[in-house]
Every structure is written in C-alpha cells, then in structure tokens.
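Please look over the sequence and the model below before reading on. The briefing that follows takes up a few topics in turn.

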Amino acid sequence: MQKRWLAIFSFAATIILLIVLLKIMNWVPLAVQQGTLRHYRSIDEVESKLHFSTIYVPSFFPQNFSWPPAEILAQEKPFPMVIMQFKDRDSKRIGLVIEQVYVKAKYHPDTDLKITRIQRESTVFIKHWEARLVIALCGEGNPCTQVSWGSGTCRVTVRTTASPRDLIRIARSMVAEQ
Amino acid sequence: MVDFFYSYVGMYAAQSFIHGVIAAVIVDRSLQAWKITSQETAQRFRLLSILVPVFSFPLYQMLNPDRGSIAFRLDSLFDFSRWLHLALWGKIPLGLFFVLILLVTTVIFVLQEMAPIMRHMIDTRRPAFSEDNREDAGLVEKALEGLPGEKPDVLILNDSDPHLFSSTGRKPAIFLTSALIRVLTPEQMQAAIAHELAHIQRSKRPLLVIVFLLRVLMFFHPVVLLEFRRLVQGEEMICDDMAVSVTRNPHALAQALRHFYHPIDDDRPHHDKQPLRLRRKLEEHSHNLLIDHRIARLEGGLERDGGSSWIPFTLTLCVILVINYYVV
C-alpha cells in the first residue's frame, strides 16, 4: 500500500514539474522577443510599446458599447496585428470587434464574436476604400454584420451586433479623409 | 512559413509533435513511478506515445472548435507557435528548423524503415533455400516437434552468416540460414524458433497492425519514429518471454542470442565511405546493445509485475489528455 502511495506521489510530482516547465517555456519567447502577441491595457500603451504607423480607432461610437475596449491584443511579430473587443452595455457580451491585420498574413483571428453563417454579401465604400459588407449570424445565431477593407499594409475588419447602418458609420469614422 | 503554422496542416504537425513529446515524457515517468518492468505492460503504455499524436488534435478540435482562437492560445499552458514564430537574429524563424526536423525524420523513415521492408518483401518472394539439405531440415523439424500450436513453413537459406527471421501474413514462414543451424544446439534451435513463432502469433493481433499503419501515417513525426523503435525493441523482449514460457529454458535462448552479435571489426576491408561506415558501426553497436540487454534479462530472470496496471494506465492516459488539451 505504501509503495502505491509512493508511486502516486512520484507521478504527481513529475506532473507538477512538467506543468511548471511548460509554463516557463511558454513565457520564454515573450521575454526573448519583444512585440509578440499579448494583452495591453490601453491603446496608448500599444502605441508606446509597438511601432504601428496607424491604429484604427473609431471616432463614432454607438452608446450601447462600453469604452475603453474590454480587451486589446496586439503584436508586431510574426506580423503586425491589433484586435480590440468592446462589450455591449446591456448583455455584457462582446458586441464590437475591430481587427487590424497585416495584409500579407492571410490570417483571420478567431475572436469572441465569430460569424457562423453568412446571409448576404455586398460591396460598399468606406470613404475611398472599397469594402465588403457581410450580413451574417454570429455565435448562437444572433444577427451580426461585418465590413472589411484593405488599407495599404493592413486589412481592417469591423464586426458588430449593431445595425449595418451603425457599422458603416463606425467604419467610416475610422478612416481619415484623403 | 507563418501562414503554414496557422493552417490546419501546420497546426496538426506542430501540435501532434508537441503532444507526442509530452505523452512520451509522461509515459516514461509513469513507467518509472509505478516500477513497471513487464514488457507487455510497458508496451501498452508506450502505445499512448504513438496514438496520442495521431488523434489528439482532431479530437480536441472536435470537442472545442475555439481551441485555435487567440483567447484560448493566450490562456493555454503552452503555445508552441510562440516558439515556432521566434526569429533567430530577427530573421530566421525557429519554425524553419522545426520543418527541417520533420523533413529529416521523413528521410530516415524512407531510408531506414520503408526501404528495408520493400527489400525484405522482394527477397522473401525469391526462394533461395536449399531443398537437398536433409540433415539441416531434420534438425529444424525436431526443434518444431516440441513446440505447441500451428507450424509455419520453415525455409533454410544457404548462407555463411547466422540469420533468423520470419515473414507474416496469410502464409507465414520462418527463414534461417544453414550457418545458424550448424552453430545452434537443439535446445537453442527450439528456443530461437519459439521466439519466431511468437512473432508470427503476435503479428495476427489487429492492434499491432493498426499501430504499424498509424506509424506509417505519421512518417514525419520524430517522436513516433523513436517510440515505434522502442516498441519494436519491446516486441523482441515480449517474444523472448513467450518463447521462454513455452520452452521453459531461458538459458538456451540467451545462448542462441549470442550467435546474433554483429562483429564490429575495423580490420575488415571497407568499401563504404566514411559517413556510411560510421552509420554501419553505430547500427551494429546499437544492435549488439539490444542483444546484450535481452541476454541480461533472460539470465537475470524475467520480470513480473505484481497487481493490476489498469489504474496507472488510466491515470497516465487521463493526465496526458488533460495536459495536452491546454497545449496548442
């Protein structure tokens, strides 16, 4: 019986050691290489720590979403990317996502507001940029809309549970006049 | 390179690799913690190191399709992609070295595993045995008489080196060389043939066939390559145990094994180039080490585990599955 307990203790110790080792190994790349994907507290912090020429932030912001963003994720390596997620004041769920991804990366981040079924697609203009507007269902079948456009070196995607009209207004407020 | 590791194929390759490493480490520690010495039990554990990398990624994705999401990755126990995207001197991604490891493993698999199997299949189709050597055939028949079960064909090859192997399939056969027959005593011959009969008997188990097919499927996987080799070595020892359980004479099998040492002789004329010669020497050395280990086992008395191993096995499996779930 004592042998069995000793075996269990020895095995458990190994597992704890393995978990600690994995945690350390998970942290090492963040320490070694600056600019890898991590959480940021504010957009100012992203601007001060990473070297983005532009971070797309809306100047029009529907009142049902909370400012500042509930979550900001950003990286410079392996490619530049910024993701901002905003919560809906009523449902306390993510209701607006703004993604800004390096255009050559062909990467579509999985966020908390994910399209599950596309219902209709059309082309719109966000100021001088040609954009794709998608009417879709997100998550558990809730209606959502998305607009995305290529803006020089990055691809900007705005996805929201708000109406298509609000979405276009949010998107247009993010692009400066030429 | 970056795009590859975000694709499903890239994620499968990366995650199956890291899941395989973790499974192998946990299995090794589990075998030590529970002092599992029986080869048959150890083999059941080692199978996990081959099966987990094959199925873990699709299984986890099925359970949670959001496992690849940024939120999951950030909260995970270990995100392998952080290492793959690390750039040496700001230019060369470590992922490139990872892909190189996969390529080297593939080349090793083709040259060291597939090519010999192909050669063996062609050789065994070509009958090169002597039919007129009645004295040798008589010795073999006598050895077979004392062994239980269905008797396969035994074919004697005219060769000056001692060799013994078997072919499996619908019509299994044991092949041995005339040189071997001359050096083995009747007891040693019986023990050696009993070992080959054990191989034939075990080759009919569907699990081993499935594991072999999965191993072929994971041709790129370095952990599966190493673990499969350990499994094959373990298989030799399981067949030793089976042979001894039939003949009740471990000493005879140990003595028979001594005839299978590969001589490592530097004085022999070499036509090989330096790297090939080194490779051959290494292979011969590792072959001899395995023979040494098997002889030591047989002469030191075969190990038997006390009690059931199902609790440690289930615990090991659960720990592997839970930890790997949080490793992306």
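How many bridges join strand S5 of chain A to strand S6 of chain A? There are 10 bridges between S5 (residues 115-126) and S6 (residues 129-138), and the two strands run antiparallel. This is a predicted model, in which local features need pLDDT of at least 70 and side-chain atom pairs count only at pLDDT 80 or more, while totals for chains, interfaces and linings use all residues. Residues are numbered from 1 along each chain as its sequence is written, and side-chain values use heavy atoms, with hydrogens and water left out.

**The hairpin in chain A**
- S5(A) and S6(A) form a hairpin with 2 residues between them, and Lys127(A) in the turn has a positive phi of about 55°.
- Within this pairing (DSSP must find at least two bridges between two strands), Ser122(A) stands opposite Leu133(A) in S6(A).

**Domains of chain A**
- An automatic or database assignment divides chain A into domain 1 (1-32) and domain 2 (38-174), and their C-alpha centres lie 39 Å apart.

**A buried serine in chain B**
- Ser16(B) lies in helix H2 (residues 8-33) of chain B, where helices are DSSP runs of H or I with at least four residues and strands are runs of E with at least two.
- Ser16(B) counts as buried because its relative accessibility is 0%, the cut-offs being under 20% for buried, over 50% for exposed and partly exposed in between, with a 1.4 Å probe and protein chains only.

**An exposed tryptophan in chain B**
- Trp89(B) is found in the loop between strand S1 (87-88) and strand S2 (92-93) of chain B, and Trp89(B) counts as exposed because its relative accessibility is 74%.

Terms used. Chains lettered and ligands numbered in written order.
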